Amino acid sequence: MRRGLEGPAPEERPTPAGRRNEQGIRIDPEVEATHEPRRTVISALVEHEPGVLSDVSGLFSRRQFNIESLTVGPTTNDDRARITVVVEEPDPGIDQIKKQLRKLVPVISVRELEPDAMQRELALIKVDADDPAQVNAVADMYDATTVDSSPETATFEITGARQKIEAAIETFGQFGVREISRTGTTALARGTEETAAALSATESATEQTKTQQEYPADDD
Amino acid sequence: MSERAAKVTPADTDEQHDEQITDSAAPDAAQEVDGDADADGESEPTPVTTGAESVVRALENAGVEYAFGVQGGAIMPVYDALYDSEIYHVTMAHEQGASHAADAYGVVSGEPGVCLATSGPGATNLVTGIADADMDSDPMIALTGQVPTAFVGNDAFQETDTTGVTTPVTKDNTFASDPDRVGTDVSEAFALAREGRPGPTLVDLPKDVTKSETDREPDEPTVPDTYEVQERADEEIVEAAAERIETSERPAMLLGGGVIKGEASEACREFAIEHEIPVITTMPGIGSFPEDHELSMEMAGMHGTGYANMAITHCDTMIAVGTRFDDRLTGGIETFAPDAEIIHVDIDPAEISKNIHADYPLIGDAETVVQQLQEAIENSPQAKKWRAQCQQWKSDYSMAYDAPEDEPLQPQFVVEALDEATDDDTIVTTGVGQHQMWACQYWTYTEPRTWVSSHGLGTMGYGLPAAIGARLAADDDQDVVCFDGDGSFLMTLQELSVAVRENLDITVAVLNNEYIGMVRQWQDAFFEGRHSASDYGWMPEFDKLAEAFGAAGFRIDDYDEVADTIDEALAYDGPSVIDVHIDPQANVYPMVPSGGDNGQFALTEDQL
């Protein structure tokens, strides 16, 4: 008895000329683009209620989105909180992050910020203070505020863009950094622009990702 | 269905609460008198006095007729309120069964199915069915008991972080913390389960909240303000898509489950027939287009027909409606419809360009958008040659199988025989595995909401509890047939007790090969025939087991027993089980291996 079905074997069948890339986009010189990961900031306005933060953070882990930092805090409206997420993904991934976030019922609006948006982070840096004069000179250089000092240590508070904080940590490294604590990036759009304005479904689905370019998602 | 009133069964919990004893001892006679008085009097509903009553009132306001569940400590106040309700509660053997029954009820009726369970194990047992509904976008609402608020977080008896556990598998969930608000929480969850892209929602109900006094009636079921659904697609994109269709030489429609959920089957049929466009369906899209129509290419994907996979691979324009381009449909992304511009109609913006890039993203309600397209199209595509090619593929890659009478019984024959013995509107439910694929391939579906299966999650054991839910949602004159595999049936067959108790007329055909057949098939193809943990070698006698449950049991071993036995089983007024001993070596073809090229489907094992 024949097992299986009859018909032309695979190698006898016509094959189409086209092809798609990993992102499901048909490969065509005009639309073809390499999608390298890029770093960007996404701001979401959410209902201020229990469970929203875990909804959002859970989304990132279960959909395997690369996330660099996530901050959350209240807004001028008691019923709303703002979540700021820094992600590193290729364009289609960033699109998915925005759409999946919008899909969560307690999420009110989501926006990817322009590269020139205001972005700040706060860091506490505790260093060995064997040479107070030198340590203070570095602190001055980064506009750091002294928060605590002991015979052996000094702790500074620095705010600024991520790059500034990283530079500061590196420079303090020469004295010996004991501990650091960083808040992660928080951000707002510039001028009169609203940071997380609501979009219609079509706008959100067809929203063009920012043109592919290498830019630091930081400013200062 | 039996006439008995909904009543509370003794709670299956270790908890020794006083109210448990009082409840199970409640005299039935008094209950029936109350019920009759309500039915005759048409009186105003009695005012809500507790959180639990508010929960039940919310369900009543939403038009709920049936609920599926299992009693237990923390959900007892809700069951107590249900005792006085017109809602008919079906006590299932296991909470998983309750979730699948509710899911199938939602699939067949279009309205959210309701399931209930207690805290802890009750809630975790629901999770498989909730995840199943989530993957298939089926409307469902789960109500779970929870330990009293003061105990939450203390690892109390039967405590589980239910909202935490179910967050990834629900459309939305809520921990009800306020007795004045709990009814409205349920109303909102009901609306959310149904509106937009449907899905399961869950409300976790702490026992103190449901027991507390409140006189607040629940609000009407409406979605929260933050939830917006777009009905109509962008006109400009519709125009552009219409133009693309008009100039297409090789157009195809791909209809997914969203067509059925969006009640767009009729609009899609009209569209396809008027413009003579071949129609392919996904597995959840089965029933959206009549498979006996000449434009039907039937189901595509891993075990789709050869002709559907040829059409999908070679089309130049694909009108995809209500599909999420699951990997079992697409095979390898690189080779999926590589010549096609994709017009993607979906109500969920997040599905657009998730797996397959949409050249024309049309976000909106499936029926509305297909009608928009219909209005925008002035000329049908000129695709005579393409249609002839599709017909040629239908004959080149026919699904005809060998079934010599002196060889072991082939499963396809059984599926076709049952199809022939039943009306066109018969509802088919399945478990997951080879039998499910044969049921897809060899049954001819013509109507939406007649195919009820576990597509995305692939839950073995779905078939029998789904048949129970489907039976209660179906019209009385509709038959309900469940195809199951021996392995799949063994996972939830305790629900037969429910079908017997409720006297539900369903016919279960167990395609028994004493293997986890699909795994055995893959082991033969990809693991050198090493049958690790797939060869049962022995199975209970399902016909006798059915009889022990009080159902009718039948057995088929040979071709000449098929027709008569099927007739007898269908004629039996109540649940019947046919243990069909099929060729244990039968395999499902065509087959596209995981991540493979749809156009290179295998027709035999050596082509894999």
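Reader: Is the crossing of α3(B) and α8(B) left-handed or right-handed?

Author: In this predicted model, the axes of helix α3 (residues 51-61) and helix α8 (residues 182-194) of chain B come within 7 Å and cross at roughly 30°. Angles under 35 degrees count as roughly parallel, and α3(B) and α8(B) are therefore described as roughly parallel to each other. As for its hand, the crossing of α3(B) and α8(B) is right-handed.

Reader: Which residues in α8(B) does α3(B) meet, and how many residues of each class does the contact have?

Author: From α3(B), the residues taking part are Gly51(B), Ser54(B), Val55(B), Arg57(B), Ala58(B), Leu59(B) and Asn61(B), and in α8(B) they meet Val182(B), Gly183(B), Val186(B), Ser187(B) and Phe190(B). Sorted by class, the contact of α3(B) with α8(B) has six nonpolar, five polar and one charged residues.

Reader: In what order do the six strands of the open sheet in chain B lie, and which are the edge strands?

Author: The pairing in this open sheet is parallel, and the six strands of chain B follow the order β2-β1-β3-β4-β6-β5. Each edge strand pairs on one side only, and in chain B these are β2 (88-91) and β5 (172-175).

Reader: Which residue in β2(B) stands opposite Ala67(B)?

Author: Strand β1 (residues 66-69) of chain B pairs with β2(B) in the parallel sense, over four bridges. Opposite Ala67(B), the residue in β2(B) is His89(B).

Methods. Residues numbered from 1 in each chain as written. Chains lettered and ligands numbered in written order. Predicted model: local features only at pLDDT ≥ 70, side-chain atom pairs only at ≥ 80, totals over all residues. Pairing = 2+ DSSP bridges. Helix = DSSP H or I, 4+ residues; strand = E, 2+ residues; numbered from the N terminus. Axes fitted to C-alpha atoms, helices over the stretch in contact; angles between N-to-C directions. Parallel < 35°, antiparallel > 145°, perpendicular 65-115°, else oblique. Left-handed = near helix turned anticlockwise from the far one by under 90°. Contact = placed C-beta atoms within 7 Å. Nonpolar A, V, L, I, M, F, W, Y, C, P; charged D, E, K, R; others polar.
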